[in-house]
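Q: Could you take me through this structure feature by feature, giving the general idea before the particular case?

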Amino acid sequence: MADKKNNVQDEADIITLEFEDGTELECEIMGVFDYSGKDYIALIPLDDSDDVYIYGYNEVGDDEFELIDIEDDELFQNVVEEFDAIMAEEDGTMN
């Protein structure tokens with residue numbers, strides 16, 4: 001019974017990205033984090049790559065949100081650095 005609940009939970013953490021060229025990619029939601037007062041989301045594609053996708057995150061209703069492209073290169077780099085710092089901190093607390 002616990003396995004079934006875990007599977008339902010796992011499915012809730014998967015979203016499908018659709019790109020401008022029409023391709024789709026399923027991603028696991030790694031988490032939402034704050035940078036400079038705004039929310040961002042980290043997604044891990046389920047394609048066996050080591051990629052992480054980071055987008056702006058905006059809740060638009062109950063269980064609904066939108067992803068926002070980060071078009072400013074400097075802002076994107078700062079958000080990635082914040083994400084890396086969070087990941088390094090989490091890795092450090094697990095040891």
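The dialogue below goes from the overall fold to single residues.

Q: What should I know about the model before I start?
A: This is a predicted model, in which local features need pLDDT of at least 70 and side-chain atom pairs count only at pLDDT 80 or more, while totals for chains, interfaces and linings use all residues. Residues are numbered from 1 along each chain as its sequence is written, and side-chain values use heavy atoms, with hydrogens and water left out.

Q: How many helices and strands are there in the protein chain, and what pattern does the chain follow?
A: Helices (H or I, at least four residues) and strands (E, at least two) are taken as DSSP runs and numbered from the N terminus. Here the protein chain has 2 helices and 5 strands, and along the sequence they follow the pattern α-β-β-β-β-β-α.

Q: How do I read burial, and what percentage of the residues count as buried?
A: A residue is buried under 20% relative accessible area, exposed over 50%, and partly exposed in between, with a 1.4 Å probe and protein chains only. Of the 95 residues of the protein chain, 20% count as buried. The accessible surface, computed by the Shrake-Rupley method with a 1.4 Å probe and, for residues, with only the protein chains shown as cover, comes to about 7,300 Å² for the protein chain, and 43% of that belongs to carbon and sulfur atoms.

Q: Which residues form the negative surface patch?
A: Patches are made of residues with over 30% relative accessible area and no salt bridge, like charges being joined within 9 Å and nonpolar side chains (Val, Leu, Ile, Met, Phe, Trp, Tyr) within 5 Å. A salt bridge is a side-chain nitrogen of Lys or Arg within 4 Å of a carboxyl oxygen of Asp or Glu. Lys and Arg count as positive and Asp and Glu as negative, whereas His and the chain ends are not counted; the place of a charge is NZ of Lys, CZ of Arg, CG of Asp or CD of Glu. In this model Asp34, Asp39, Glu59, Asp62, Asp63 and Glu64 form a negative patch, and one of them, Glu64, lies in strand β5, residues 64-68.

Q: Where is Asp63, and is it buried or exposed?
A: Asp63 is in the loop between β4 and β5, and it counts as exposed because its relative accessible area is 81%. Asp63 also has a positive phi of about 55 degrees although it is not a glycine. Ser36, likewise a residue other than glycine, has a positive phi near 55 degrees; Ser36 sits in the loop between β2 (24-35) and β3 and is exposed at 64% relative accessibility.

Q: What does Val52 touch?
A: Contact means heavy atoms within 4.5 Å. Val52, in the loop between β3 (38-45) and β4 (53-61), touches Ala42, Leu43 and Phe83, leaving aside residues up to four places away in sequence.
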